[in-house]
Amino acid sequence: MEFELLYWHWVVFGIGLMMLEIFIPSFTILWFGAGAIIVGGMLFVFPEASLTAQCFLWALSSCIFTGLWFKFLKPLSVDKTMAGLSLSLIH
């Protein structure tokens with residue numbers, strides 16, 4: 001009997017990675033989970049996709065999501081207030 005990855009395996013793996021983000025608050029594992037869910041969706045539509053194609057799509061989508069996070073979303077969350085800084089540091 002040969003093990004075959006089904007779409008729901010990827011979805012469960014993705015949700016598991018997203019839940020792991022609770023313990024590792026870096027927002028990088030979240031995007032790997034999102035990539036796994038993308039692969040699950042692709043596998044639902046194209047169930048004959050090879051394991052190589054699945055892993056490639058997971059790596060590609062995870063890298064794209066992570067890159068977009070660092071490029072666009074993370075800079076928006078930087079605290080640009082001067083709260084807590086002494087006036088001597090400002091001048």
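Buried here means under 20% relative accessible area. Keep that cut-off in mind for the views below, which come from a predicted model.

**View 1. Glutamine 54, a buried residue of helix α3**. With a relative accessible area of 4%, glutamine 54 falls under the 20% cut-off, so this side chain's residue counts as buried. Look around glutamine 54 and you'll find Leu5, Trp10, Val39, Met42, Leu43 and Ala49 touching it, leaving aside residues up to four places away in sequence.

View 2. Four helices and zero strands are what you get for secondary structure here. Read from the N terminus, the elements go α-α-α-α. Of the 91 residues in the protein chain, 24% are buried. If you take contacts between residues at least 6 apart in sequence, 52% of them join residues at least 24 apart.

**View 3. Helix α1 against helix α2**. How do the axes of these two helices cross? The axes of α1 and α2 come within 7 Å, at a crossing angle of roughly 165°. Angles over 145 degrees count as roughly antiparallel, so that is how α1 sits relative to α2. The crossing of α1 past α2 is left-handed. On the α1 side, the residues in the contact are Tyr7, Trp10, Val11, Phe13, Gly14, Ile15, Leu17, Met18 and Leu20. They meet Ile29, Leu30, Phe32, Gly33, Ala34, Ala36, Ile37, Val39, Gly40, Leu43 and Phe44 of α2. Sorted by class, the α1 and α2 contact comes to 17 nonpolar residues, three polar and no charged.

**View 4. Helix α2 against helix α3**. Here residues 29-45 (α2) pack on residues 51-73 (α3), with the axes 8 Å apart and an angle of about 140° between them. That angle makes the α2 and α3 pair oblique. The crossing of α2 past α3 is right-handed. The class tally for the α2 and α3 contact is 12 nonpolar, five polar and no charged.

**View 5. Threonine 66, buried in helix α3**. Which residues does threonine 66 touch? Not counting residues up to four places away in sequence, the partners of threonine 66 are Thr28, Trp31 and Phe32. The relative accessible area of threonine 66 is 15%, so by the 20% cut-off this residue is buried.

**View 6. Leucine 6 and proline 47, brought together from separate parts of the chain**. Leucine 6 sits in the segment before α1, the helix that covers 7-20. Is leucine 6 buried or partly exposed? A relative accessible area of 35% puts leucine 6 in the partly exposed class. Along the chain, leucine 6 and proline 47 are 41 residues apart, while their C-alpha atoms are separated by 7.6 Å.

Terms used: Residues are numbered from 1 along each chain as its sequence is written. This is a predicted model: local features need pLDDT of at least 70, side-chain atom pairs count only at pLDDT 80 or more; totals for chains, interfaces and linings use all residues. Side-chain values use heavy atoms; hydrogens and water are left out. Axes are lines fitted to C-alpha atoms, for helices over the stretch in contact, and angles run from 0 to 180 degrees between N-to-C directions. Angles under 35 degrees count as roughly parallel, over 145 as roughly antiparallel, 65 to 115 as roughly perpendicular and the rest as oblique. A crossing is left-handed if the near helix is turned anticlockwise from the far one by less than a right angle, and right-handed if clockwise. Ala, Val, Leu, Ile, Met, Phe, Trp, Tyr, Cys and Pro count as nonpolar, Asp, Glu, Lys and Arg as charged, and the others, Gly among them, as polar. Buried means under 20% relative accessible area, exposed over 50%, partly exposed in between (1.4 Å probe, protein chains only). Contact means heavy atoms within 4.5 Å.
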